[in-house]
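Hi there,

Here is the structure I promised to pass on. Could you have a look, and then read my notes on the ligand site and the pockets below?

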Amino acid sequence: MRTRLEGRAPAKVNLTLEVLGRRPDGYHALASVFHTLSLSDRVRITLSPLSAPASSTLTLQATGFPVPTDERNSVWQALTRFFAHWQGTPLHCEVWLEKQIPTQAGLGGGSSDAGIALKLLAEWAQEQGYPPPDLLAIAQQVGSDVPFFLNGACALVEGRGEQVRPLPPLPPFWWVLAKPPDSSVPTAWAYQQLQRPPLQGEAKAPTTEQLVSALLQGAIRTPEDLAPYLHNDFEAVVLPAHQPLQTLRTQMEAQGVLRVLLCGSGAVQAGLCHNQSQAEAIAHTLRQQGYWSVGVQLEPTQ
Ligand code: C5P
């Protein structure tokens, strides 16, 4: 019998992103408040049992923004690891990705697809009475942002990305997302440019701490309340090296957004808006100028 599973894989925005220092494993320690957005990919999975004793097999197809459909894809990496621990009947697993989230964007699309695919399979396995796999361990091996997407919503993310503490989600504030055509910022390059020293002891993350306490106190009720807390350490190194991103930022600011924030290490920037009509009007204008741009909301549900 075939089983069909389906889920929504949301993009994220980093409301704060502080890079605290280099770790002995070569990664960087972070402090970041992540929040999921209404923009999302769809992940569809079909499982069919294999009759002959064999290892489970996997195929991957994608529509929308182009992505590799082999071992370079984070969903492939996640499900291969999942099936390495799988103790039930061998399965043929077909995955379809509907990519609405641009790639190389800092919006976490690939990580979200992997996190949601893992969650769908783990929930199904549990319903079938199989012991739950260690999803966090698998997620962490696939990528630093994947653990957050196992639950999404709003969370404080620390360590390399594996320490995820849920926070109260924000109201559905509107943003305009935008990216110049053909712009991408390699993540490893952006970390290197920060030239952080090796991490020593407990590093402080002042802007993240301030936002976390405001969220816990329920002090952020409007976009205007949120704007002063927004911060991304990567802006200092990425913007000076990418003139098209700086030009786009100036245009977004000229159209009256409250604050423009680089998403992850780029190349998408997110402008916090007063309301829906402002977000959609700016997105429309930017699309006419040749940018990729959409209006989106903060959205905790998956
Ligand atoms: O884990 P992920 O594949 O998303 O990371 C991509 C690259 O970004 C890593 O190879 C590493 O160079 C850098 N990185 C880092 N510290 C992190 C996350 C990523 O240095 N916490």
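First, a term: on a 1 Å grid over the protein atoms alone, a pocket is an open set of points where a 1.4 Å probe fits, with protein on both sides within 12 Å along at least five of seven lines, and its lining residues have an atom within 4 Å of a point. A molecule sits in a pocket if more than half of its atoms lie within 2 Å of its grid points. By that rule, the ligand sits in the largest pocket.

Please keep in mind that this is a predicted model, where local features need pLDDT of at least 70, side-chain atom pairs count only at pLDDT 80 or more, and totals for chains, interfaces and linings use all residues. Residues are numbered from 1 along each chain as its sequence is written, and side-chain values use heavy atoms, with hydrogens and water left out.

**The ligand**

Around the ligand (a heavy atom within 4 Å) you will find Tyr27, His28, Leu30, Gly143, Ser144, Arg160, Thr187, Ala188 and Tyr191. Helix H5 (187–194) and strand S2 (28–49) each supply at least two residues of this shell, and H5 has the largest share, three residues. Helices (H or I, at least four residues) and strands (E, at least two) are DSSP runs, numbered from the N terminus.

Arg160 uses a backbone N or O atom, 3.2 Å from a ligand nitrogen. Taken alone, the ligand exposes 450 Å², and the protein buries 71% of that (Shrake-Rupley areas, 1.4 Å probe).

The largest pocket has a volume of about 1100 Å³, taken as the space filled by probe spheres set on the grid points, which are joined across faces, edges and corners. It has 44 lining residues, with Gln104, Gly108, Ser111, Asp145 and Thr187 closest to its centre. Helix H2 (109–127) gives the most to this lining, with four residues.

The second largest pocket has a volume of about 340 Å³. Its lining has 19 residues, and Leu20, Ala31, Glu158, Glu202 and Ala203 lie nearest its centre. S2 is one of the elements that supply at least two residues here, along with strand S5 (154–159), strand S6 (163–166) and helix H6 (206–216).

Best wishes

Terms used: A polar contact is a pair of N or O atoms within 3.5 Å; within protein, one must be able to donate a hydrogen and the other to accept it, and residues adjacent in sequence count only if both atoms are side-chain atoms.
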